[in-house]
Amino acid sequence: MPDKYHIKTQPIPPRRPRIGKVGVVDWREDCANCHNCVKKACVFDRYREEMSYIRGLREMDAVFFQCMGCFSCVQQCTKGLLALSANPVYERLGNTYWTPQIIETTWTQAESAKIPVSGAGYRGRFSGPGFDSMWTDMSEIVRPTRDGIHGREYISTAVDIGRKPALLHFDAGNAASGLPPLVDIPMPMIIDMLPRGYRLPNLLPVIKIVAAQTGIIAVIDSKDWQLAGNDLDQYLPNLAMYLDTSAPLPGRELLIGMRLVEISDDGNAERRVHELKQINPGIVVAVRVELDSGGIERAVEYARQPFVEVLHLVADDNGNEIGEKKPRFIKDMVRSVHNSLVESGIRNEVTLMAGGGIALAEHMAKQILCGADLVTVNLPLLIALECTLCRDCNDGLSCPAKIGEIDIKYGVGRMTNLIAAWHDQLIEVMGAMGIREVRRLRGEVGRALFFEDLEEATFGKLFGSRKNN
Amino acid sequence: MASSLVPEKIIKEGLPDSTLETVVPQAEVQRVIKPAPPRYRNEIAKYIIRRSADCKLCGKCAEICPQGVHVFKPGYKYFAAPHQSVCIGPACKDTGHYCVDLCPNKALRMVENPMMRVLGDYRWTPDLILATWKMAETGAPPPPDYGYEYECGNSGGGFDRIRFKFPASPPLELGPDDIDTSLQLNRRNDGRPQIKIDVPWYGGGMSYGSVSNVTQLSKARAAVAFNTFTCTGEGGYMERLRPYDDHTITQVATGLFGVREETIQRVRIVEFKYAQGAKPGLGGHLLADKVTPSVARMRETVTGISLFSPFPFHSVYSIEDHKKHMDWIKHINRHALVSAKVSTPSDVDMVAVGSYSAGAHIVHLDGGYGGTGAAPDIAKKNIAMPIEYAIIKVHDFLTREGVRDRITLIASGGLRNAHDIAKAIALGADGVVVGTGELVALGCLRCARCESGRGCPRGIATTDAELQGQYTVEWGSQRIINLYNAWRIELVEILRRFGMRRVSELRGRTDLLMHLDYSNDTEQAR
Ligand code: SF4
Ligand code: SF4
Ligand code: SF4
Ligand code: SF4
């Protein structure tokens, strides 16, 4: 058996007080001072922990909110003086797309590297916008035929980035043209540049180590290259430089060391590719296509060009079409690019990487089901460092989460833990789907259930047409 | 397709009948409704009355409030803690005994309890939890005065957007006693017993290990009282359940924990758990902390080691294998009915027909949003379809294949109250399996900590010796009996308004339903 892809992890506790969903309000005035205070009976020992937490405080910067919300103390207090309340700090985390639940689960995964598990069934909405309007399917129950029955350890999450020609051309028994270069990474994810406002200067040295340790690739803007440190040589295979329109061609040593490079989608793309390939014929070049109103058409057009081997489709931070009032969502946009390439019979001529709005491990699986070969991720890695997406940094203010002060070990550990937890969750859903290779998950809509389709096939048949609301 | 099925044969086997005799005297539990007050000192109320310092302790409020909210005991100087949860809320304004208005010193104020914001979730709203507690306490639906909105949750889809279209007056005047809520479980006509349950639901599988002894026994006693069933789950058959053999379904799951010929022979229904809705495609999972010495003994495993049941049955690759499995059970117990519990993949309709051909009496669909002791969040939310879709698909397909009336279709996975039950039946199920509702009756408030450390802090889903001592079997049984009774009253009321004599008349009557997001009809007054 070949070596298995395995990410080494260890728990990395948060630097800052945890922010829970509920807290206990204690109306102390009327307290009867019973000897058998319910606080001692908290199954989770929250009160004792709170006391020691308060004692250990150096500054009063947060309240203690680690109650598990079981109401036991509230319902047993002799005088009924305790109440639970929603934690306003929790409710202010993130925004409408990056919800408090997403931030909280990202933090827990970054701490423990574990798959989040809970009791009591599903608690959320029936369905929702974006990725919440689809489900992944599972393998047939009495006929698990897809890939047969297999253990988790046989599931491969590796992907190849580059062109996969449908045919080889032979000339007198020899391959007429060499095989195009491919970059293989052990899981279908690369780390994308953080959105401009969030690029705190000390993050790149952390990100490069994370990319190397997990075997994936991080995209770094050529303009920020200096910030990544001086010892880049050993990291080059796990870095991909991004060159925008104005960026000069990087030095030869850099290009020879890298496997992947990304360029912007402008009139010069073709010339750029040739220049880059001239220096390193083995390098794979991705074209970054921002999904604005003309994005899909441009992407499909690029895919037909012989010089394009990888397209990086990027929506805005919330997965929406850029600059549109009624935006389409990333999963639907990528699906339409994918479908159009399939119809033209050229799907394997390009690799599709998709990013923007990938916030949870489930989004990775769903995006791939909708036609991407792999996803690109940025903000979750920042959230792993206890960022709350307050956006103060975007406005040039100092970061309340003090991300500028983190040490390397903490940063690398938290990001690595998050990636490991995502990897495990991907295997979990793939196991349920009975799919053994993530390469075969791509565009496998037979393993996806879409809200619109199910509604149409069931309620639509019974109750007429769906109202738009 | 139906014609291509192997014709049904009754297996003639050589097992002596005597192994099937119930050797343990069976417990009798009367269906008696009596109050089962909440077990916590402070109940959580939707509305609370705040008393200010202006109170002159005149005692008027205690005197006028017929609900007994204000507790002013003779001989005491001050008020005792009020019974907030019996206050009927703003509905009291028009009654002429509204304490807030009648207090001569304007010392009282009514507010909505701010804790309602942290109780419950989209599927189980705070109102639904409080209403279920009330039903478990009294045995009847909560009076409308309380203003609980408990017929639907707030998930924004499925059952929560479906409503009944009641006629202005029933086409047929029926009294509650004219209405039959029973359900026949064997439709195969294969010589096996006809088993009829008094209500169209039974209790879901909760293994010893995921819930306490007390919880399991409470469920079993309620099942006896309503002549229905409870299920052992996959953790083995507790000796203490023996007196309830006749109302117990034992589960054969992929882990085969605690499955023995002898346990198969005890029961009247055996359930194959092919998959579980909350974690379809994944096996069962009991975290290390919950594998206490007694759990390990029951499951014949090692204390403190997490238990995983594999997925799927590694011996079942085809309908024929499926049949072999069923035949195995039918051979061991010649009088049992067999149920196949499956989850809801896109080909759930094929799976259901396959289960029929394999010889199942019951096909039990467990939808994605159902309860569980512990499951990965990614699985609970994302794998397989919600039960509402699956019922429609399977009912249609079985009907088209011409076998609908030869198999019993049971639905589960997020059915929370009598309205969900009735809607599931109207969509095409014969009956349902309930689970979380029973736990809520026992005081669960869906904090989702069932899996952590010592387990449920409220003593329900735990095997921790200290935690599970929080309530008695008597109290627990009464709570579930009361809840069942309240549900039955509501179900009868729904049937009465439609002028239906039998719950079976409701099956598949999608014409009586409407969906708020669809163009069909507008909602009529309730
Ligand atoms: S509600 Fe439960 S977890 Fe929270 S402090 Fe009280 S007893 Fe502890
Ligand atoms: S916590 Fe706020 S300031 Fe700090 S990195 Fe995150 S968004 Fe920026
Ligand atoms: S009626 Fe008003 S003043 Fe009198 S006891 Fe009640 S709250 Fe106090
Ligand atoms: S831990 Fe919470 S959700 Fe689980 S059974 Fe107990 S009260 Fe219910």
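I began with ligand 4: residues from chains A and B surround it, so the site is shared between chains. Here a residue counts as near a molecule if one of its heavy atoms lies within 4 Å of it.

A note on what I am reading: this is a predicted model, where local features need pLDDT of at least 70 and side-chain atom pairs count only at pLDDT 80 or more, while totals for chains, interfaces and linings use all residues. Residues are numbered from 1 along each chain as its sequence is written, chains are lettered from A and ligands numbered from 1 in the order in which they are written, and side-chain values use heavy atoms, with hydrogens and water left out.

For the classes, Ala, Val, Leu, Ile, Met, Phe, Trp, Tyr, Cys and Pro are nonpolar, Asp, Glu, Lys and Arg are charged, and the others, Gly among them, are polar.

**Ligand 2.** I looked here next and found 13 residues around the ligand, with A:Cys387, A:Cys390, A:Arg391, A:Cys393 and A:Cys399 the closest. The shell has 10 nonpolar, 1 polar and 2 charged residues.

**Domains.** I then checked the domain bounds, which come from an automatic or database domain assignment. Chain A has domain 1 (22-92) and domain 2 (152-454), and their centres, taken over C-alpha atoms, are 45 Å apart. Chain B has domain 1 (45-114) and domain 2 (174-515), with 44 Å between the centres over C-alpha atoms.

**B:Trp475.** I found this residue in helix H13 (residues 473-498) of chain B; a helix is a DSSP run of H or I with at least four residues, numbered from the N terminus. B:Trp475 counts as buried because its relative accessibility is 15%, where buried means under 20% relative accessible area (1.4 Å probe, protein chains only). Beyond its neighbours within four places in sequence, B:Trp475 is in contact (heavy atoms within 4.5 Å) with residues including B:Ala36, B:Pro37 and B:Leu442. I also noted that B:Val214 is 261 residues away along the chain, yet the two C-alpha atoms are separated by 9.8 Å.

Notes. Helices (H or I, at least four residues) and strands (E, at least two) are DSSP runs, numbered from the N terminus. Buried means under 20% relative accessible area, exposed over 50%, partly exposed in between (1.4 Å probe, protein chains only).
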